[in-house]
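Subject: Structure for your review, with notes on what was found

Dear colleague,

Please find the structure handed over below, followed by an account of what came out of going through it. I would be glad if you read the notes with the model open beside you.

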Protein chains: 2
Amino acid sequence: MNIVKVDMTEGVVGKAPFPRPGRLDHMLGGRAVIDRYLTGHVSPRVHPLSSRSPFIVAPGFLAGSSAPSANRLSVGGKSPLTGGIKEANVGGTAGSKLGRLAIQALVVEGKSSQWQLLKLDQKGINLDPADFVMGLDNYEACERIRERYGKKIGVLIIGPAGERLSANSTVAATDPEGRPSRHAARGGVGAIMGAKRLKGIVIDDTGTTLRRAVDEKAFRAAVKATIETMRSGGPYGEILRSSGTPWFVDLDNARGSLQTHNYRLGSFDKVNDINASKFIELNKVRGGTMGHACSPGCVIHCSNIFHDAGGRYVTSSLEYETLTFLGANLGIGDLDAIARMDRRCDGIGIDTIETGAAIGILNDVGLFDFGDAARAEELIEEIARGTLMGRILAGGTELVAKVFGIDRVPTVKGQAIAAHSGRSMKGWGVTYATSPQGADHTAGPVGAGDLLNPKGQVELSRNSQIINTALDATGFCHFTFMYRYPQVIMPMINAFCGTDLTIEDFLELGKEMLRQERAFNLGAGIGPGADGMPEFTKTEPLPPTNAVFDVPDEEIQGFFNF
Amino acid sequence: MNIVKVDMTEGVVGKAPFPRPGRLDHMLGGRAVIDRYLTGHVSPRVHPLSSRSPFIVAPGFLAGSSAPSANRLSVGGKSPLTGGIKEANVGGTAGSKLGRLAIQALVVEGKSSQWQLLKLDQKGINLDPADFVMGLDNYEACERIRERYGKKIGVLIIGPAGERLSANSTVAATDPEGRPSRHAARGGVGAIMGAKRLKGIVIDDTGTTLRRAVDEKAFRAAVKATIETMRSGGPYGEILRSSGTPWFVDLDNARGSLQTHNYRLGSFDKVNDINASKFIELNKVRGGTMGHACSPGCVIHCSNIFHDAGGRYVTSSLEYETLTFLGANLGIGDLDAIARMDRRCDGIGIDTIETGAAIGILNDVGLFDFGDAARAEELIEEIARGTLMGRILAGGTELVAKVFGIDRVPTVKGQAIAAHSGRSMKGWGVTYATSPQGADHTAGPVGAGDLLNPKGQVELSRNSQIINTALDATGFCHFTFMYRYPQVIMPMINAFCGTDLTIEDFLELGKEMLRQERAFNLGAGIGPGADGMPEFTKTEPLPPTNAVFDVPDEEIQGFFNF
């Protein structure tokens, strides 16, 4: 495996073997690469958009193999949104293709004088002018790119928001159909890429084969066992295939943890207009899809495709977080409007969570009324056009708050709190409070036990974060639920790498990554005091549970005692 | 002495004796009150604009006495600009009047449903409706207030920027002529006040007398000795009276430490158009003033008044920091334009340093050309009108950078670096890097020794910060240069308070205050890693010295070892 380095200032590309000197380094992939590179090679005080701030792309270490649902890709660097370390995780085809091209990491530094596309294939690595796609909506840009480079490519691309270096800009990844529907969405990774004047990355794995394991026979057996565990691992596999993440809408609504009306409620009176049942009902008539696979080798199939009333493709995939933030959090009970907004966010290259949170707080200053879908769509068009209002909104929730003098700001470390309420699900609250990534929707789910009891939540969140962080090195999708059964994947990892790593090694990897991320943040000036939920969550009860976030600060401050 | 507490939510005011239980507490005034109150009574994670975030006004502990130049006032709370602790220091008449009314501290909490004025006099403390001055330029508002409350009042007031809760908004203080020309300018203290819906504070000390010392005879002798030391303390007293702070323009230009062209140069080709000589030359013809006193009991008289070509008052006081940031840093060599902008900033209630820095960085994205005074004035009018561009600019330099994707950001802890370059004056650089107040123009001057040698600057800055921080408790103006001769004021302090405090006690006060400020910041999430100059100052040489900021990070990190 190789590390590809690109110096955009000089237009020079290089490839070198990827060293893995330590025992745990066999598992050095994905988020672990970002953590290692940033802590080892980058001043944490660098400006996120400076030429010295690297843009990093790294597939999980199992990428390109036949490991199931293990082709997730990590995209990261220093976040323009949070000022701290950032890994945003994405599906699509790029992870698999990079793995098959034997590229374990792509590190882009410098700043080009012209916008470029980076082309990677078996023949080599090249920079091409990006003029023909500048300013375009991601959907249109990807069509142009596929016209030029063929249909077999995977594309990573930034939209107009990333070109403008907005702090809430994504890196889109094309799905198996070639659509830029999957997004490394959080923390403004699109702006890190844009600051290099890198518009897109085109990956063509033509001629490659699946990566082979060191012990291929044992690996095949382990893959089979893993798939079986996934499929028999409780009801979730079935639910995700039939309903996808929209299934969470009803679940969270019922337990009062669905962020609604600018985080003021935990359930939504129009929940039946945006839940999985409604989605499936419409799909039956319109021909959309549940059980779509977002990336090669996926055995979960939780992605979906949404059609309009005319049966035409609108967007993929309408996830729980999007339904919450462009729906419930804005009081919008209209799947068509949500789908249009999701599609537009994907086209502009902005995170739907941060966008919905940023629009939501405008309600506090009379600039947005709950339920006003037309206004929400209009505001998203402002982002598309890059007006001043659009630039403000694309700067993220905290920036919007600062511009308009809003004092109730639903963020941690500069990033909007995700869709499972941390008041009604206190373990999630601890995850938001403590993750070095800021309030994050994948950092460490805590969905079991007494969700409203503050006791023990720090430990539950810690265990979850450690395992999920390690998972982000493998390339495994979190919906494999392997964070519940990490022991299942160890034989597969060992067969693939030719190692005798234990579950303790795997957990140690997660701990080491979290420690590195925290160290980077400390160096960047984000101290332990930044670990905590916003004050308003501690004093403002959230109906219908009327819970506040009451996990004691002392316990939160003890999170990193591991 | 008393502490006045105001609950704006309930409209309740109360007065209680101000406890001073400890030995050092005799010196509990000004900035020390803010430090003590915030660390003792406020969650550092509170939002700066929330009803739980107090707005604090505290004169120095000598205020209202006959101590010379000791009527400075501290205004503070949790900064909406930096997210950390903030004390902004201001002259004018309010400090003296509060002292004479035996008010050592004013703590305002809650949030009124209507905008209010707080009236303080010997008869009591009242809240009055502020409707008649809402939205007005500070100059006009102060005229209205004086029409209603009489000419003997001192006024503290926020302008339109403070009403809008902009992160770069000031609290104006009226000078002896009743003009809102003095500003507690830095860190957005105007927004903290505005968040309470407190438009102004009207202070009438009619019927009061100078505060008397415990040992009046010894105090008078000590005051006399202090004044003599001030007047004989080197050439500075004479220079400040004849030239005021504009004198620094030539000095810094000569040593290459005058922030010019968006911090890209250390000297300015049009320096002769904005320096003290030019100012004095115009004054001779137009009738402006040098040697103006900004507050009662001042023996320095470094303030000035600037007239236009028609001999009409434009503004007071055109200080070095303003000449630099609305002049050299924007490439504007036109005293009239600078004076107009200063007046407008005073009227809107925004800091000239932060404003000039924020406009300056727009040059990086083609939105401002150096020397274009008309454009700069137009941008300031946008702030006055509260347009989106105006709100962005009034959000401060870092916010502007985030909106427009600018990666060269001349701030520390969210606050624009002040006028003495930290590259050509490395001790100043250490002060910017380490002050809990963010990059600040009064936190700790270092102007002696080998300014370009990185060695020893941490110690020089530490000593300066300790003494200047303690001075901010006394009410002494920094231009008394008592930071060079703190021993001179101890007999005065002891006679006034009836104590036997030593110079070591005085220094311990400064240390304690700095430790408290740092502790508050740590609690607010601003970790030690935030102590440092921006990366670009370490790599980009500043002509004409071509110095970079090269004080080692390890030394910077050792700053708080005291």
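A salt bridge is here a side-chain nitrogen of Lys or Arg within 4 Å of a carboxyl oxygen of Asp or Glu. By that rule the side chains of R220(B) and E216(B) meet in a salt bridge, with 3.5 Å from N to O. Please keep in mind throughout that this is a predicted model.

Salt bridges within the chains

R220(B) and E216(B) both belong to helix α6 (residues 216-232) of chain B, and because they are four residues apart there, about one helical turn separates them. Another salt bridge in chain B joins the side chains of R312(B) and D308(B), at 3.3 Å from N to O, and R312(B) counts as exposed, its relative accessibility being 54%.

A further pair is of another kind: which parts of chain B does the salt bridge between D351(B) and R186(B) link? The side chains of these residues meet at 3.0 Å, N to O. D351(B) sits in the loop between α11 (335-348) and α12 (352-361) of chain B, while R186(B) sits in the loop between β11 (182-184) and α5 (189-195) of chain B, so that the pair, 165 residues apart, links distant parts of the chain. D351(B) counts as buried at 3% relative accessibility, and R186(B) likewise counts as buried at 3%.

In chain A, R23(A), D500(A) and D505(A) are linked in a network of salt bridges. Over all chains, the structure holds 68 salt bridges.

Where the two chains meet

In the contact between the chains, 42 residues of chain B touch 42 residues of chain A. The size of an interface is often given as the accessible area lost when the parts come together. For chain B and chain A the buried area is about 3,000 Å², and carbon and sulfur atoms give 56% of it. On the side of chain B, the residues that lose the most area to chain A are R45(B), K402(B) and D407(B), which together account for 23% of what that side buries.

The elements of chain B that give two or more residues to the side touching chain A are α14 (388-393), α15 (397-404), α19 (503-523) and α20 (536-539). Sorted by class, that side of chain B has 20 nonpolar, 12 polar and 10 charged residues.

Nonpolar cores

In soluble globular proteins, nonpolar side chains tend to be buried together. The largest nonpolar core here has 148 residues, and of these L393(A) and L393(B) touch the most other members. Leaving out residues up to four places away in sequence, L393(A) touches A358(A), I359(A), L362(A), L379(A), I383(A) and V400(A). Another core, of 53 residues, lies apart from the largest one and includes I34(A), L62(A), L471(A) and F481(A).

Two residues of chain A to look at

T474(A) is placed in helix α17 (residues 457-474) of chain A and counts as buried, at 0% relative accessibility. A polar atom of the T474(A) side chain lies 2.5 Å from the backbone oxygen of L471(A). Its contacts, aside from neighbours within four places in sequence, are G60(A), F61(A), L62(A), A63(A), A70(A), I493(A) and F506(A).

R518(A) lies in helix α19 (residues 503-523) of chain A. Is R518(A) buried or exposed? With a relative accessible area of 17%, R518(A) is buried, because buried means under 20%. Not counting residues up to four places away in sequence, R518(A) touches P436(A), P528(A), D531(A) and F560(A), and with D531(A) there is a side-chain polar contact of 2.7 Å. The C-alpha atoms of R518(A) and K199(A), which are 319 residues apart along the chain, are separated by 30 Å.

With best regards

How values were computed:
Residues numbered from 1 in each chain as written. Chains lettered and ligands numbered in written order. Predicted model: local features only at pLDDT ≥ 70, side-chain atom pairs only at ≥ 80, totals over all residues. Heavy atoms only, no water. Contact = heavy atoms within 4.5 Å. Buried area = accessible area lost by both parts, 1.4 Å probe. Nonpolar A, V, L, I, M, F, W, Y, C, P; charged D, E, K, R; others polar. Core = buried A, V, L, I, M, F, W, Y, C linked by side-chain atoms within 4.5 Å. Buried < 20%, exposed > 50% of the residue type's maximum accessible area, 1.4 Å probe, protein only. Polar contact = N/O pair within 3.5 Å; in protein donor to acceptor, adjacent residues only side chain to side chain.
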